Amino acid sequence: ARALPEATVGAGRGRSAADASAARNAGARFAVSPGWRPAIGEACGALGLPLLPGVATASEVMAAADDGHRFLKFFPAS
């Protein structure tokens, strides 16, 4: 991210608070998770790191929406 300041760099596969912190420290401007867990949402929120949570079931969609997420990544999709 530092080498290309004009690029919007994100980090994928965020699954934990440590992943969120590492992404922020590396200069990521957003994170993507493969599934929804409130802990990753809380960690990203505390860091001010926007999160695009992955969802695969209706229950995950509902849980992520209940936690304030309006943009979701359907995962896995073919």
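Contact, as the word is used in these legends, means heavy atoms within 4.5 Å. The structure is a predicted model, in which local features need pLDDT of at least 70 and side-chain atom pairs count only at pLDDT 80 or more, whereas totals for chains, interfaces and linings use all residues. Residues are numbered from 1 along each chain as its sequence is written, and side-chain values use heavy atoms, with hydrogens and water left out.

**View 1. The loop around P34 and its contacts.** P34 lies in the loop between strand 2 and helix 2 (38-47), where helices (H or I, at least four residues) and strands (E, at least two) are DSSP runs numbered from the N terminus. Leaving aside neighbours within four places in sequence, P34 is in contact with R13, G14, R15, G54 and F75. With a relative accessibility of 28%, P34 counts as partly exposed; on this scale buried means under 20% relative accessible area, exposed over 50%, and partly exposed in between (1.4 Å probe, protein chains only). From P34 to R70 the C-alpha distance is 16 Å, and the two residues are 36 apart in sequence.

**View 2. R13, a contact of P34.** R13 sits in the loop between strand 1 and helix 1 and is exposed, at a relative accessible area of 71%. The phi angle of R13 is near 65 degrees, which is a positive value in a residue other than glycine.

View 3. Strands of a sheet pair through backbone hydrogen bonds, either parallel or antiparallel. Here three strands form an open sheet in the order 1-2-3, and the pairing is parallel. Strand 1 (10-11) and strand 3 (51-52) each have a single partner strand and stand at the edges, so one side of each is left without a neighbour in the sheet. Strand 2 (residues 30-32) pairs with strand 3 in the parallel sense over two bridges, and two strands count as paired if DSSP finds at least two bridges between them. Within this pairing, A31 has L51 of strand 3 as its bridge partner.

**View 4. H69 in its loop.** H69 is located in the loop between helix 3 (58-66) and strand 5 (73-74), and this histidine is buried, with a relative accessible area of 16%. Not counting residues up to four places away in sequence, H69 touches W36, L51, P53 and A64; L51 is also the bridge partner of A31.

**View 5. S21 on helix 1.** S21 belongs to helix 1 (residues 17-25) and is partly exposed, with a relative accessible area of 29%. Although S21 and L49 are 28 residues apart along the chain, their C-alpha atoms are separated by 9.0 Å.

**View 6. The whole chain, for orientation.** The protein chain contains three helices and five strands, which follow the pattern β-α-β-α-β-β-α-β along the sequence. Along its principal axes, the C-alpha trace spans about 40 × 30 × 20 Å. Of the 78 residues, 24% count as buried, and residues 24 or more positions apart account for 26% of the contacts with a separation of 6 or more.
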